Amino acid sequence: MSHIDTVQQWLAQNNYDIAYISNYKTIAYFTGFESDPIERTLALFIFPDHEPFIFAPALEVGSVKEAAWKYPVYGYLDHEDPYALIKNHIDKINPNPEKWAIEKENLTVERFEEIQKQYPNAQFEGDLTSLIQHEKLFKTPEEIEKLNQAGKWADYAFEVGFNALQMGRTEQDIVAEIEYALMKKGIMQMSFDTIVQSGANAADPHGAPKKEKLQPNKFCLFDLGVMYQSFASDASRTVAFGKIDDQQQEIYKVCLEAQLKAQDAAKPGVTAEELDHIARKVISDAGYGEYFIHRLGHGLGQSDHEFPSIMEGNKMELQPGMCFSIEPGIYIPGFAGVRIEDCVHITENGCEPFTHTSKELKVIPLN
């Protein structure tokens, strides 16, 4: 059963007349057509008993057809009212759709009000969010293979980045070299902004690379991923640039133990919060619990952050086909930060990572 078939069945079972999908990433997942419309309107409408259609900016209509979309696609020009045109197309299928299902976590108030103007008596109570999350949660073998390929390119990016570490270079220099090397190989899009952080800068888990020179005898943290055929990779490694002191070695050893124990424990039947606890206990028992300040992981698929969250309070049991990150970190302000991350997919009796760069402490000599 296709993803669209699943939504059609859900609409019929819950007596909804129409589904309005507004998130361009969800549209890509359901249709194979991927484009960020920015301020323009891009929408997918699904009906319980009629073929769906895509509504897109006129400049995207040709690309939708090239994406092998086999159902209707309708376009609009910039000066036209997209929602009035949407109503015309919907009315040809159902002139009075009363019960709507929408993506409540995505649809903006402005766009909701625009569609509501066209159907003032309709009810917009249905929420597609959990259905879509569940549909995306379990990857097919074909999708897992794409994630594997994305992971291989992340491994290549680490190799380039490690080799680029030199005295006098900046964090931004290293990012530029990584991304240029990937582009030369045909990988034109990162899954998120590449992170390279040296020394105390790495204590900011989501900090941006700075135009500051690499700090000798300190950690250098890499967090990166690429897009491969619409699927993402995401991985982190921390290396020593020069000789590091005993405390830095200790926090690396603790973080690595936490990551390896959690990855080894990831298998069907274990809950998300149990996995988080396994890693967190290692770090807490070593006296660094206050410096592990985020969840253990997040889902991975067509974007680098998806459902579910691997964290305390999430009692969801892991099942085959689920894909997510395992990324404990220790961040000591003003001193150092370490994060070690692989994304994995759950198998019948364990898990397999998408990235394979060694996690043993790598020391890059000063040069």
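Buried means under 20% relative accessible area, exposed over 50% and partly exposed in between, with a 1.4 Å probe and protein chains only. The views show a predicted model, in which local features need pLDDT of at least 70 and side-chain atom pairs count only at pLDDT 80 or more, while totals for chains, interfaces and linings use all residues. Residues are numbered from 1 along each chain as its sequence is written, and side-chain values use heavy atoms, with hydrogens and water left out.

**View A. Two loop residues with positive phi.** Gln-229 has a phi near 50° and lies in the loop between strand 9 (227–228) and strand 10 (231–232). Helices (H or I, at least four residues) and strands (E, at least two) are DSSP runs, numbered from the N terminus. At 48% relative accessibility, Gln-229 is partly exposed. Ile-38 has a positive phi of about 55° and belongs to the loop between helix 2 (24–31) and strand 2 (43–46). With 64% relative accessibility, Ile-38 is exposed. Most residues other than glycine have a negative phi, and most peptide bonds are trans.

**View B. The cis peptide bond between Phe-307 and Pro-308.** Omega is about 5° at this bond. Pro-308 is part of strand 13 (residues 306–310).

**View C. The largest nonpolar core, with 36 residues.** A nonpolar core is a set of buried Ala, Val, Leu, Ile, Met, Phe, Trp, Tyr and Cys residues joined through side-chain atoms within 4.5 Å. Leu-275, Leu-318 and Phe-324 have the most contacts inside this core. Two or more residues each come from helix 9 (246–265), helix 10 (272–285), strand 14 (323–326), strand 15 (329–332), strand 16 (336–339) and strand 17 (342–346). Helix 9 gives the most, eight residues. Apart from this core lies another, of 25 residues, including Val-160, Leu-182, Leu-214 and Leu-224.

View D. Helix 9 has 20 residues and spans 29 Å from its first C-alpha to its last, close to the 28 Å expected at 1.5 Å a residue (1.5 Å times one less than the number of residues). Among its buried residues are Gln-248, Ile-251, Val-254 and Leu-256. At the start of the helix, a side-chain oxygen of Asp-245 comes to within 3.2 Å of the backbone nitrogen of Gln-247.

**View E. The tilted aromatic pair of Phe-219 and Tyr-252.** The ring centres are 6.0 Å apart, with 35° between the planes. Rings of Phe, Tyr and Trp (its six-membered ring) pair if their centres lie within 6.5 Å; planes under 30 degrees apart count as stacked, over 60 as edge-to-face and the rest as tilted. Phe-219 is in strand 8 (residues 218–224) and Tyr-252 in helix 9, 33 residues apart. Both are buried: Phe-219 has a relative accessible area of 1%, and Tyr-252 is at 3%.

View F. Asn-148, in helix 7 (residues 141–164), touches Pro-353 and Phe-354, residues up to four places away in sequence not being counted. Contact means heavy atoms within 4.5 Å. Gln-8, in helix 1 (residues 3–13), is buried at 15% relative accessible area. Leaving aside neighbours within four places in sequence, Gln-8 contacts Ile-46, Phe-47, Pro-48, His-50 and Pro-52.

How values were computed:
Polar contact = N/O pair within 3.5 Å; in protein donor to acceptor, adjacent residues only side chain to side chain.
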